[in-house]
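Here is a short briefing on one structure. Look through the sequence and the 3D view before reading on.

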Amino acid sequence: MKSAKTEEDLVAIRRHLHAHPELSLCEEETARFIEERLMDFGIDDVERIADTGVIAIVDGAEDGPTRAYRADIDALPIEEKSDVDYASKNPGVMHACGHDVHTTIGLGIARAVHRRRNELSGRIKFIFQPAEEASPEDEPVGAERLVQEGVLKSPDVEAIFALHCMPSLEVGKIGYTGGPVWASSELMEIEVEGKKAHGAYPHEGIDAVAVAAQIVVALQQVVSRTIDARQSCVVSVGCVEAGNSYNIIAERASMTGILRGLSQQAMERARQSIEQIVTHVARGFGATARVRFTPGARLVENDPSLESEAIQVIADRLGDTVVTPHLPQLGAEDFSAFSRRIAGCYLFLGIRNEARGITHALHTPQFDVDEDCIGIGVAAMTEVLIGV
Ligand code: NI
């Protein structure tokens, strides 16, 4: 009965978080809520980091390594379209990436590990991380800021684990990739400079709109014709801005987009190809253009032995059918700030339930999860943290 009650509590926690989402760097109430729940569970080694981050440490009975479990806690600027009674109460803000579920699972694991601390050697540091969704900035945010503030130090953290809700994976399953997990991501900004003229006399100007259009078309060949087909990479232009009058040839055009890839080699090759296209297509029409890349999250890749140990523990304790291979994602995750410094293991959590219509993608207004995923996530990662 205790475990049914425990799961019920966690569902209530998830629904509270879901109804009260907060954007990156504004997770004040969320952080307070996390602190209160940790205290309720009897965990008193709790502190703040990076303003709205929370760290909790559970010490085991025996000496041993320090390992970490990371849950991201921030929401997205999306208006929820749902009639569930736990829908967002904050207009325009929504937990559309499942970070409410991640936070709940982090709390559930902390409670379970604390209860079973006699079986634990070493200690587990639970990291409730703000600002995972924040865009690349000059100042470090999210995971990178936590690292700079010493989250992996004193004592040194040897390995770190995380889960992410995965709408393509059936509830009841835990997915692993056996290689790259999330893509390396860069912001791409393109500026085209032409020459203004009246629309009736285009020969007197250089049309930045026409040049930008050619660049967008040419960029479609970066992946199809310069990247090894066995490597995954994507180039997408999401925003084009130019001109200010219907009858004037635009002098400037600016475009922003993303470059993402699952290997450094592909990223490097794509960057070169984009630079060539942008510069030379523009030059071909007498315009000038340049591209600037701003690195965002880097490639998330699992430590192979940590991943296989974790998968083995989950299969042993929860059953062979729970773990399943899954394709890596071209989405990006700032977990790379941890996993490129220490051994990391990032697994996917099945949340899909077609019979109940729970199939919507991450970052969409209809996103939801089958809440049975919470108990499975907690059980799987508790066994991993105690057993690996
Ligand atoms: Ni996410």
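Helix α2 (residues 28–40) has 13 residues, so at 1.5 Å a residue it should span 18 Å, and its end C-alpha atoms agree at 19 Å apart. The expected span is 1.5 Å times one less than the number of residues. Helices here are DSSP runs (H or I, at least four residues) and strands are too (E, at least two), numbered from the N terminus.

This is a predicted model: local features need pLDDT of at least 70, side-chain atom pairs count only at pLDDT 80 or more, and totals for chains, interfaces and linings use all residues. Residues are numbered from 1 along each chain as its sequence is written, and side-chain values use heavy atoms, without hydrogens and water.

**Helix α2**
- Its buried residues are Thr30, Ala31, Phe33, Ile34, Glu35, Arg37 and Leu38.
- Buried means under 20% relative accessible area, exposed over 50%, and partly exposed in between (1.4 Å probe, protein chains only).

**Nickel ion**
- Three protein donors lie 2.2 to 2.3 Å from the nickel ion: Cys97 (SG), His99 (NE2) and His164 (NE2).
- Donors are N, O and S atoms within 2.8 Å of the metal (3.2 Å for Na, K and Ca); water is not among the atoms, so sites may look incomplete.
- The donor residues follow the spacing C-x1-H-x64-H in sequence.
- Cys97 and His99 are both buried.

**Helix α7**
- Helix α7 (residues 304–318) has 15 residues and reaches 21 Å from first C-alpha to last, close to the expected 21 Å.
- Leu306, Glu307, Ala310, Ile311, Val313, Ile314 and Ala315 are buried in α7.
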